[in-house]
Amino acid sequence: MAVDLFAGIPVSDYRAALLWYERLLGTPPTFVASDTEAVWELAEHRSLFIEHRPEHAGHALHTVFVDDLDAFVLRASGRGLEPSERQTYANGVRKALYRDPDGNELGFGGAPL
């Protein structure tokens, strides 16, 4: 079964969110779907999008597992964004949590050291 994933994040201020996600992800959107929706392809067939939907803003909760968590956090720090929280699970898996201006949570996970 072929699968494409589009994980959505509702935002209250599209322009502010667009800038914030560009800083976090380190790139402009892969494409802009409309005046109120932008999409980043994180990997083949795996995308994250923001959409102006103020009535739902602040409730997204997503985790993206990356191959080098420390490098990702360092690059985001260089663009002025720090994790709001860091976690290490009993099995050693690590997670850095970022919260956008609406409070949506985007976590980045990494393998144990």
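From the N terminus, the elements of the chain follow the order β-α-β-β-β-β-α-β-β-β, that is, two helices and eight strands (DSSP runs, H or I of at least four residues for helices and E of at least two for strands, numbered from the N terminus). The model is predicted: local features need pLDDT of at least 70, side-chain atom pairs count only at pLDDT 80 or more, and totals for chains, interfaces and linings use all residues. Residues are numbered from 1 along each chain as its sequence is written, and side-chain values use heavy atoms, without hydrogens and water.

Buried residues account for 39% of the 113 residues (buried, under 20% relative accessible area; exposed, over 50%; partly exposed, in between; 1.4 Å probe, protein chains only). Of the contacts with a separation of 6 or more, 54% join residues 24 or more positions apart (contact, heavy atoms within 4.5 Å).

Three salt bridges were counted (a side-chain nitrogen of Lys or Arg within 4 Å of a carboxyl oxygen of Asp or Glu). In one of them, Asp70 pairs with Arg94 at a closest N to O distance of 2.9 Å. This pair links helix α2 (residues 69-78) to strand β7 (residues 94-99) across 24 residues. Asp70 is partly exposed at 40% relative accessible area, whereas Arg94 is buried at 14%.

Glu85, Arg99 and Glu105 form a network of salt bridges. The N to O distance is 3.6 Å for Arg99 and Glu85 and 3.0 Å for Arg99 and Glu105. Arg99 is partly exposed at 35%, as is Glu85 at 33%; Glu105 is buried at 13%.
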